[in-house]
Amino acid sequence: MKKSIFGLLLLVLFTTNTFAQNTTEQEIIELSKQKWQWMADKNVDNLTPLFDDKSVFVHMGGSWGKTQEINIIKSGGIHYKKADIHEVSVNIIGNTAILLNKITLLAVVGGNEVTNPFIVTEVYVKVKDNWKLASLSFTKLMTPGQ
């Protein structure tokens with residue numbers, strides 16, 4: 001009887017932990033989708049509190065911090081018009097979430113409309129009760145024929 005109760009307790013704990021992890025993963029996926037929409041809309045009012053003050057952004061043309069990324073989005077230096085998300089995965093490690101997106105990004109860069117396939121790495125850190133974007137990094141994919 002004691003073994004049955006212990007086994008049931010372990011099952012409940014495992015199921016609860018798995019459900020919590022899946023819920024957190026879904027929360028991060030939704031936050032990432034929201035971020036792409038805010039970037040497309042140039043909504044720096046919502047992006048500013050999402051980006052951690054020490055966040056870093058790695059692009060094909062360089063890397064910089066939060067202030068420069070916000071200014072680039074606001075000015076239209078890079079206009080993230082549309083991110084078509086093809087694949088997404090999330091790994092939770094403590095209070096850190098690592099999201100990988102395989103996307104096709106339609107953007108306007110320096111006045112030129114470009115479309116590029118990327119794997120984007122997004123690192124989120126839970127600060128108090130909020131997820132903050134700590135890093136956003138673009139890795140261009142090489143597709144056949146390029």
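## Lys 128 and the loop between S5 and S6

Lys 128 is found in the loop between S5 and S6. The model that shows this placement is a predicted one. Although Lys 128 is not a glycine, its phi is positive, at about 55 degrees. Most residues other than glycine have a negative phi. Lys 128 has a relative accessibility of 79%, and therefore counts as exposed, the cut-off for that class being over 50%.

Asn 95 belongs to another loop, the one between S3 and S4. Its relative accessibility is 42%, so Asn 95 counts as partly exposed. Along the sequence, Asn 95 and Lys 128 are 33 residues apart, while their C-alpha atoms are 9.8 Å apart in space.

## Overall architecture

The secondary structure of the protein consists of three helices and six strands. Their order along the sequence follows the pattern α-α-β-β-α-β-β-β-β. The protein has 146 residues, of which 32% count as buried.

Helix H1 covers residues 2-40. Between H1 and helix H2 (44-50) there is a loop, and Lys 42 has its place there. The phi of Lys 42 is near 55 degrees, which is a positive value in a residue other than glycine. With a relative accessible area of 34%, Lys 42 is partly exposed.

Strand S1 (residues 51-59) and strand S2 (residues 62-65) run antiparallel and are joined by four bridges.

The pairing of S3 and S4 is antiparallel and extends over 14 bridges. Within this pairing, Tyr 80 stands opposite Ala 107 in S4.

## Aromatic pairs around Trp 36

How many aromatic pairs does a search of the whole structure find? The search finds five. In one of them, the ring centres of Trp 36 and Tyr 80 are 6.5 Å apart and the ring planes stand at 65 degrees, so the pair is edge-to-face; the cut-off for this class is over 60 degrees. This pair links distant parts of the chain, since Trp 36 is in helix H1 and Tyr 80 in strand S3, 44 residues apart. Trp 36 and Tyr 80 are both buried.

Trp 36 also forms an edge-to-face aromatic pair with Phe 138, at 6.2 Å from centre to centre and with 70 degrees between the planes. Because Trp 36 lies in helix H1 and Phe 138 in strand S6 (residues 130-140), this pair ties together parts that are 102 residues apart in sequence. Phe 138, like Trp 36, is buried. Ring pairs join Trp 36, Tyr 80, Phe 118 and Phe 138 into a cluster.

## The largest pocket

Rolling a probe the size of a water molecule over the atoms shows where empty space is left. The largest pocket of this structure has a volume of about 220 Å³. Its lining comprises 13 residues, of which His 59, Met 60, Ile 78, Val 109 and Phe 118 lie nearest the centre of the pocket. One of these, Phe 118, is also a member of the aromatic cluster.

Which strands each supply at least two residues of the lining of the largest pocket? They are strand S3 (78-93), strand S4 (96-109) and strand S5 (112-127). By residue class, the lining divides into ten nonpolar, three polar and no charged residues.

## Ile 78 in the lining

Ile 78, one of the residues nearest the centre of the largest pocket, lies in strand S3. Is Ile 78 buried or exposed? Its relative accessibility is 14%, so Ile 78 counts as buried, the cut-off for that class being under 20%. Ile 78 and Met 39 are 39 residues apart along the chain, and their C-alpha atoms are separated by 9.5 Å.

Key: Residues numbered from 1 in each chain as written. Predicted model: local features only at pLDDT ≥ 70, side-chain atom pairs only at ≥ 80, totals over all residues. Heavy atoms only, no water. 1 Å grid on protein atoms, 1.4 Å probe; cavity = no way out; pocket = protein on both sides within 12 Å on 5 of 7 lines; lining within 4 Å. Points joined across faces, edges and corners; volume = space filled by probe spheres on them. Nonpolar A, V, L, I, M, F, W, Y, C, P; charged D, E, K, R; others polar. Phe/Tyr/Trp six-rings, centres within 6.5 Å; stacked < 30°, edge-to-face > 60°. Buried < 20%, exposed > 50% of the residue type's maximum accessible area, 1.4 Å probe, protein only. Pairing = 2+ DSSP bridges.
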